[in-house]
Structures are given as C-alpha cells and as structure tokens.
Amino acid sequence: MSIDRYPFSEIEAKWQRTWEERRQFHVTEDPARPKFYCLEMFPYPSGRIHMGHVRVYAIGDLLARYKWMRGFNVLHPMGWDAFGLPAENAAIEHGVHPAIWTYENIDYMRSQLKKMGISYDWDRELATCDPAYYRWEQLIFIRMLERGLAYRRRSTVNWCPSCLTILANEQVEAGRCWRCDSEVTTREIDGWFFKITAYADELLQWCDRLPGWPERVMTMQRNWIGRSEGVEFDLPVAGRPEVRIRVFTTRPDTSFGMTYAVLAPEHPLVDTLVTDADERAVVQGFRQEVARESEIERLATDRPKRGLRLRARAVNPFTEREVPLFLADYVLMGYGTGAIMAVPGEDQRDWDFARQHDLPIIETVQRPPGWTGEAYTGDGVKINSGFLDGLAIPEAKRRATEWLVERGLGTAKVNYRLRDWGISRQRYWGAPIPVVYCEACGMVPEKEENLPVVLPRDVQISGKGGSPLAEVASFVNTTCPRCGGRARRETDTMDTFVESSWYFLRYCSPRYEQGMFEPGAADYWMPVDQYIGGIEHAVLHLLYARFYTKVLRDLGLLKVDEPFKALLSQGMVIKDGAKMSKSRGNVVDPDDLIRTYGADTARLFSLFAAPPEKDLDWNDHGVEGASRFLNRVWRFILTHRGELAEAGAPGRRAAPSTELGRGFRRTIHETIARVTEDIEKDFHFNTAISAVMELVNALYAFEPAARDAMPAGERAALLREGVETVLQLLAPICPHLAEELWERLGHRESLFAGGWPEPDPGALVREEVTLVVQVDGKVRSRLAVAAGAAEDQVRRLALDDEKIQSWLRGRAVERVVIVPGRLVNVVTRA
C-alpha cells in the first residue's frame with residue numbers, strides 16, 4: 001500500500017464494511033449514560049443526493065461522532081420523507097408507479113449515504129409511505145377529530161380548467177398551469193384542517209424558551225404567528241343598515257383618519273354589496289385577475305397596489321362621514337377579518353394606495369419638526385382626532401377602544417396572522433384520510449381496528465380530472481363503520497408535512513407495533529438534542545412539528561413540550577455565484593467527487609470551506625487542497641510508523657525535558673482546547689479544522705528540529721502524542737482515514753469507542769510569555785518575561801529595553817500601562 005498517497009477507495013470501503021459488521025452505531029436506551037439525539041432533516045427520495053445533502057449530513061455526523069467519543073449514548077437515525085408530488089409527476093412523465101419510483105430512489109440514495117460513511121443506525125430506517133408508519137398518524141387524525149382539532153370546511157384552491165385538476169401552488173407558474181399552460185382559476189372545495197390556531201399563544205410563548213434555536217428562525221416564527229392586540233368593530237354601509245363590514249385594527253386611535261375602507265376581493269360580503277349586473281361583471285373580472293397573483297405578490301411592498309372602487313360606501317362611526325369602499329389585492333381574506341379601515345396618514349400601504357387613487361390623507365398624529373416623509377408610524381400627540389386630541393398614542397388607543405365597546409360597536413380582540421393548517425391534498429401519493437361518508441350517518445371516522453387505511457396500488461395517474469383515488473372503486477366504495485350501510489371513502493390525502501411532523505418520534509422505536517412509539521423510548525430520547533436543516537424550513541415544517549408535539553403531549557402520549565432542544569440552520573452550497581441546480585448547469589455530483597477524491601475529502605471540504613450557518617462557495621481548488629492535507633497526514637504517519645512504534649504503549653503521554661519538547665506539547669494541548677471549544681460551543685468547524693492543520697504543520701516542524709535536541713525516546717513519545725491527537729481530532733471529520741491510521745498505530749478498539757482527548761492543564765502552563773511593548777500606542781519592541789512576573793519587574797524590563805530607550809530619548813515618561821500577559825504601553829508626556 002502506498003505511503004505517499006491515501007488509498008481512499010480501499011480504506012473507505014474497508015471501514016464502512018467494518019462499522020456495519022460491528023454494528024458500531026447501533027444504539028439502545030441506556031439510563032446509565034447521558035444521551036444525545038442528533039438528527040438531520042430527512043430527505044425526499046428524489047433519486048440522488050446533492051452537495052447540499054453532503055454538507056448537512058457531514059455536519060450531523062461530525063456532531064454525532066464527537067458525542068460518541070465524549071461518552072454519550074448517541075441516536076443518529078436516517079429515513080425518507082417518501083410521499084409527495086414529484087412521485088406522481090414521475091408517474092405521468094415516465095409511466096412508472098410512484099411506489100416503484102420512490103423505493104428505487106431510496107435504494108440508490110441509501111447506497112450513496114453509506115459511501116459517505118455516515119454513522120447512522122440503519123436498523124432504525126423508515127419510509128413515511130409505509131402503511132406501518134402512516135397508520136399511526138391516521139389514528140392521531142381520529143383523536144384530533146374527536147377533540148375538534150381536525151375539522152372540514154370550504155377553502156379556495158387553484159384549478160386548471162383544461163386538465164380538470166387542482167394544482168399545488170408550486171404548479172402554478174405566472175398564473176398558468178405548469179403542464180398545459182392554461183390560465184389557472186380558483187375554486188371553492190371542501191377540505192380538512194388542523195386547528196393549529198388553538199396553540200398559537202403557546203407556540204409564541206415557547207419562542208422565548210428555546211435558547212438553542214437561532215434568533216433569526218425564532219423571529220420568523222413569531223412573525224408567522226403574528227399576534228396583534230387591537231379591536232374589531234363594524235363599519236355600517238351607507239343606505240344599507242342591515243349590512244355591516246367587520247374590520248380589525250391595532251390602531252383604533254387613527255380611526256378619525258380613515259378616508260376609505262377596503263375589502264379583500266374574495267370577501268363573502270362582496271356579492272351582497274354588488275347588486276348591479278354591470279358592476280358584478282367588472283368585479284368578477286377583477287377577482288379573476290387578483291386570483292392569478294400569489295399571496296407573496298399581493299403582500300409585496302415594492303409593487304403597485306391594485307384596487308377597484310365599488311358603488312357602495314362605508315360609514316366611519318367616529319365621524320359619521322361616508323368614505324369610499326374598495327376591493328384591493330393587498331387585503332387578504334386570510335388575515336384579520338378580510339376588511340380594513342384605511343388610514344393613509346399612518347400606514348404606508350394605505351398611503352401608497354391613496355396616492356394612486358387620489359384619495360384624501362388626514363394626519364392624526366403630530367409629526368416631529370422637519371418631518372418630510374410619507375406615512376408616519378412613530379410616537380406623538382393626537383391631532384385631528386376629536387375627543388382623542390392631545391393624548392399620547394397608548395392612552396388614545398385605550399380611549400378609542402372603550403368608546404367602541406361602550407356603544408356596542410366593537411370589542412377588544414387579539415388576532416393572529418397564523419391560520420389553521422390545511423392538510424387536504426387532492427393527490428394520490430399521500431396518506432389516506434381515515435374518514436368515510438355514509439348516506440345515513442354522514443361523515444364517520446374509520447374504526448381504529450381497521451387502520452391503516454391503505455393506499456391502493458391499482459391506480460391510473462394521468463394528472464387530469466382530480467384525485468386518482470376517486471376512480472378506484474375498490475377503495476372508494478366501503479361500508480360505514482357505524483351502521484354498516486353503504487359509504488364512500490374520503491379521497492383526499494394528507495399534506496406530507498404531517499409525516500414530517502412526527503418522524504423524529506418514530507425513530508425512537510421504529511418497529512414498535514402497539515402505538516406511534518414506545519413510551520419509555522420516547523421518554524429516554526426526546527427531545528432531539530440537535531436538529532440540523534436548511535433555513536427554508538424555518539416556518540412551516542418546524543412550526544408544524546412543534547404544534548404536533550404539543551398535540552401528542554395533550555393526548556397523553558408525550559411528556560415533552562417541544563421536539564427540538566437546539567437547531568442549526570446550515571447555509572446553501574453555491575457555485576458560480578448561484579445555488580447549485582440542474583437548470584443552471586452548476587451541479588457537482590457527489591458520486592463523482594467521492595470517486596475522484598474519496599468521502600473523507602468531500603466531508604473535510606464541506607466542513608472547512610465556510611461556517612455551517614453561512615453559504616458555502618464551491619471551489620475545486622479547495623477540494624484539491626483538502627485532499628492534499630489528508631495525504632500529508634497519511635504520509636507523515638506511515639513514514640514515521642517505526643519510530644512511533646518505539647514510543648511504547650498506545651496512548652502513553654510524553655514527559656518532555658526540553659523547552660522545545662514542552663513547547664510542542666503545549667501546542668498539542670492548546671489545539672485540543674481550541675478544537676473542543678469550536679465544536680462544543682460555537683459550531684466553528686472551519687476554525688477547528690484550521691487548528692488541526694496547524695498542529696500537523698507543527699508535527700512536520702518538530703520532527704527534524706527534535707532529532708538532535710532530545711533523547712530519541714522522548715522525541716518518539718512526543719511525536720506519538722501529537723500524531724494520536726491529530727487522529728482523535730480528525731476522527732469526527734474524516735473517520736475512514738483516522739480509523740485506519742489509528743489501527744496501524746496498534747490500537748485495537750475503534751476511535752469511536754475510545755475517548756475524546758482532554759487538554760492537560762500542566763502542559764498549557766507557559767514558563768515564559770512574549771509581551772508587545774508600545775510607546776504611545778505604537779508597537780516598538782517585544783519582550784520575553786517569566787509567566788506571572790510582577791508588574792514592577794515588567795515595567796523595569798520594558799523601560800530598560802534598548803529599542804524602547806531609543807524611542808524615549810528626550811521624552812519624559814508619564815505612565816506605564818500593563819495588560820498582564822499581553823502588552824506594555826509606555827505613555828510619554830506631550
């Protein structure tokens with residue numbers, strides 16, 4: 001075997017096989033040991049892993065292996081988020097059944113992950129499309145239905161009139177069907193919802209109790225929940241006393257500045273307000289135009305607001321004046337009441353709209369001197385506000401609310417931006433919703449003993465005409481669980497976010513058949529200690545998982561309040577200035593990378609190139625540099641293998657007798673301390689790797705310098721301690737190379753069964769320190785002094801230094817400032 005080059009293909013295959021045969025990372029509950037549950041977000045089995053996968057799994061594996069070495073009982077599982085729309089698209093495009101496509105992809109991606117040498121407990125592997133998995137979420141659906149946490153109501157969906165099918169948001173491109181390019185419309189259908197709003201307050205409160213989560217993610221979740229305190233009140237419609245428009249505002253004190261009101265185009269009152277046939281046609285056209293806009297487009301602050309003025313007018317109850325009534329795209333039915341009072345003086349969106357439509361703007365808060373801006377949202381005294389004039393904003397808000405409540409016009413209200421979770425999907429490849437519709441009994445949940453309701457395989461998927469399940473008579477036609485009469489099954493399937501909201505719990509006991517998870521196992525492993533995944537999941541997946549965990553707790557199945565103790569959101573992998581994607585032609589295939597350089601090089605580069613929370617800019621030269629470094633480690637150890645063997649038993653610590661030896665051993669233990677802190681506290685894996693590289697440089701420098709400077713046995717013992725430390729610190733990063741060289745040094749146990757190195761306090765003690773010496777803040781010399789030298793001695797040595805003397809000629813010393821162990825600054829009198 002070559003000494004010059006690390007033979008990665010042979011070595012990596014050997015250790016992957018060895019770990020599997022030993023069941024090295026198989027784990028069971030052990031109350032005698034501290035546990036560490038390390039989890040990366042599981043992948044969708046799209047067919048191949050990409051460099052984003054390599055990066056996130058390398059991060060997770062580093063932490064898992066590090067914790068193994070620190071003596072923790074580590075759960076590090078892997079599985080597959082296996083339901084989803086891409087499998088149906090593949091069935092349409094290639095004529096392959098979604099199940100076949102999915103399981104073939106799982107097999108291939110599993111083989112790719114194994115080639116990376118990730119420390120997964122493969123005995124815990126799961127796929128969410130397995131009926132043994134989704135039967136349990138069907139059971140929880142029934143439990144939620146019983147408690148009013150699952151319910152059915154009408155909702156708006158995207159509809160392609162050509163394909164005669166419902167489209168997911170991602171299937172609508174510029175208002176057109178992704179498949180046939182027809183113009184997409186909207187349609188009202190019945191769908192199932194989870195009542196996540198019942199947990200809005202608790203979800204928000206716990207945002208302040210998760211110190212292990214990035215503040216950026218917590219802010220995104222707080223904003224998504226969007227709690228706001230205000231008042232709901234009615235705007236009468238002029239000449240129509242029976243019709244009132246309910247609005248919500250957090251600023252009732254600005255009501256005197258209301259110069260118009262706005263309804264969402266989809267507001268149900270629109271049909272009541274519009275009675276003229278010509279106006280109805282115009283309104284219908286406007287609604288269709290707005291329906292082609294995404295929610296993000298409608299809420300964007302950097303685009304013109306679209307509006308349609310109605311003939312009906314609203315009445316401002318504070319002034320009893322009539323104001324214009326509009327439909328506008330920037331008001332959505334899903335927010336507040338779907339109607340707003342518009343106060344352009346104190347709201348920028350309203351100001352923009354008012355200027356577009358030449359509407360009056362009334363200021364109700366005194367502007368600061370020199371104010372030249374547009375809408376004003378700052379503090380000030382109330383003006384142009386009737387009985388509120390002269391009041392500060394907080395008091396004015398309170399008085400305005402009281403005025404509305406006393407007159408029976410409104411009520412104080414807390415509103416949320418958060419809306420209930422729509423889980424219905426008119427798709428085939430998803431978990432069936434376990435309810436039937438009986439001609440006599442109505443909607444009835446399936447009996448628990450009949451679960452799982454299994455997804456049938458004999459379907460025709462064309463992409464047209466709605467859910468393929470509706471065409472499978474053997475699935476649809478059933479009997480009522482309550483009366484035994486004729487019934488039909490629900491043909492909607494569950495949103496795939498349902499599966500990913502509890503998979504981390506199933507990992508605790510994936511073969512358990514009496515429930516979702518074995519209670520004792522969940523009690524031991526939960527919560528997940530470190531969760532790792534992309535920032536793009538900051539809201540939906542993470543919020544749904546938090547909600548689902550709280551529901552399971554309230555059902556008596558769990559004892560934890562939150563699923564994830566700590567979260568690491570890694571950045572993207574960038575190449576040629578853009579995120580890697582097939583369409584841009586800038587994809588790096590992990591298989592090619594591993595085939596050319598090996599898994600350890602791929603792991604090392606992805607961990608070294610950038611801090612984990614930052615985007616990683618792909619660099620071919622960086623990959624080559626990582627490979628050169630590993631070859632350098634390999635070459636040094638094998639070249640000196642004979643001498644290292646003479647150092648005695650593996651793991652024996654050196655006892656240097658020379659300053660050169662003490663300095664080198666100090667470097668070893670300073671490196672241990674640096675790497676440990678970088679991994680443990682800050683996830684600064686790049687600087688940890690840099691520290692190991694510096695230690696390897698120190699090894700190369702110490703070896704020739706020590707040949708004639710100390711006894712051969714002392715030199716060999718120091719080299720051995722340095723080499724073993726390098727391998728221990730590299731083990732979580734480049735496990736194949738580290739295991740191989742560890743074995744060649746005579747160790748019989750795996751690196752991951754042994755311990756993480758601890759810095760020796762004695763080795764860290766410095767007998768001498770070098771101080772920077774400044775004159776008036778400018779560096780003029782350096783001074784070697786005994787560690788812990790008294791300040792008087794340091795002062796005298798600094799003033800006696802020849803270089804300092806030359807800078808002090810003709811100048812009087814005013815004072816000498818000493819920072820112990822770091823610097824001396826001689827301050828002269830001007």
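Begin by selecting Asp-776, which is partly exposed, with a relative accessible area of 35%; here buried means under 20% relative accessible area, exposed over 50%, and partly exposed in between, computed with a 1.4 Å probe on protein chains only. Asp-776 lies in the loop between strand S27 (768-775) and strand S28 (778-786), and its phi is near 50°, a positive value in a residue other than glycine. Most residues other than glycine have a negative phi, and most peptide bonds are trans.

Before going further, note that this is a predicted model, in which local features need pLDDT of at least 70 and side-chain atom pairs count only at pLDDT 80 or more, while totals for chains, interfaces and linings use all residues. Residues are numbered from 1 along each chain as its sequence is written, and side-chain values use heavy atoms, with hydrogens and water left out. The element names follow DSSP runs numbered from the N terminus, with helices (H or I) of at least four residues and strands (E) of at least two.

Next, select Glu-320, in the loop between strand S11 (307-316) and strand S12 (321-328). Glu-320 also has a positive phi, of about 60°, although it is not a glycine, and this residue is exposed, with a relative accessible area of 68%.

Two cis peptide bonds come next. Select Leu-451 and Pro-452, whose peptide bond is cis with omega near 5°; Pro-452 is in the loop between S18 and helix H13 (473-476). Then select Met-526 and Pro-527, where the peptide bond is cis with omega near 0°, and where Pro-527 sits in the loop between helix H16 (519-525) and strand S22 (530-534).

For another antiparallel pair, select strand S3 (residues 150-160) and strand S7 (residues 185-194), which are joined over 10 bridges; Thr-156 stands opposite Glu-188 in S7. S7 is also joined by 2 bridges to strand S15 (residues 421-422), and these two run antiparallel, with Gly-422 in S15 as the bridge partner of Phe-193.

Now turn to helix H7 (residues 215-225) and colour Val-217, Met-218, Gln-221 and Ile-225, which are buried. Which side of H7 do they take? They cover an arc of only 100° around the axis, which puts them on the same side of H7; the arc is that of the directions from the helix axis to the C-beta atoms. On the face turned away from the buried side, find the exposed residues Arg-216 and Asn-223. Among the elements that cover the buried residues of H7 are helix H6 (200-205), strand S8 (227-237), strand S14 (410-416), helix H17 (540-554) and strand S23 (567-570). Just after H7, Gly-226 takes a positive phi of about 60°.

Select helix H2 (residues 51-69) together with helix H19 (residues 599-608), which pack at an angle of about 95° with their axes 9 Å apart. That makes H2 roughly perpendicular to H19, a word used for angles of 65 to 115 degrees. The axes are lines fitted to C-alpha atoms over the stretch in contact, and angles run from 0 to 180 degrees between N-to-C directions. Val-54, Arg-55, Ala-58, Ile-59, Asp-61, Leu-62 and Arg-65 in H2 meet Ala-602, Arg-603, Ser-606 and Leu-607 in H19, contact meaning heavy atoms within 4.5 Å.

Finally, zoom out to the whole chain, which has 28 helices and 30 strands and whose C-alpha atoms fill a box of roughly 105 × 80 × 50 Å, taken along the principal axes. Buried residues make up 55% of the 830 residues in the chain.

Notes
Parallel < 35°, antiparallel > 145°, perpendicular 65-115°, else oblique. Pairing = 2+ DSSP bridges.
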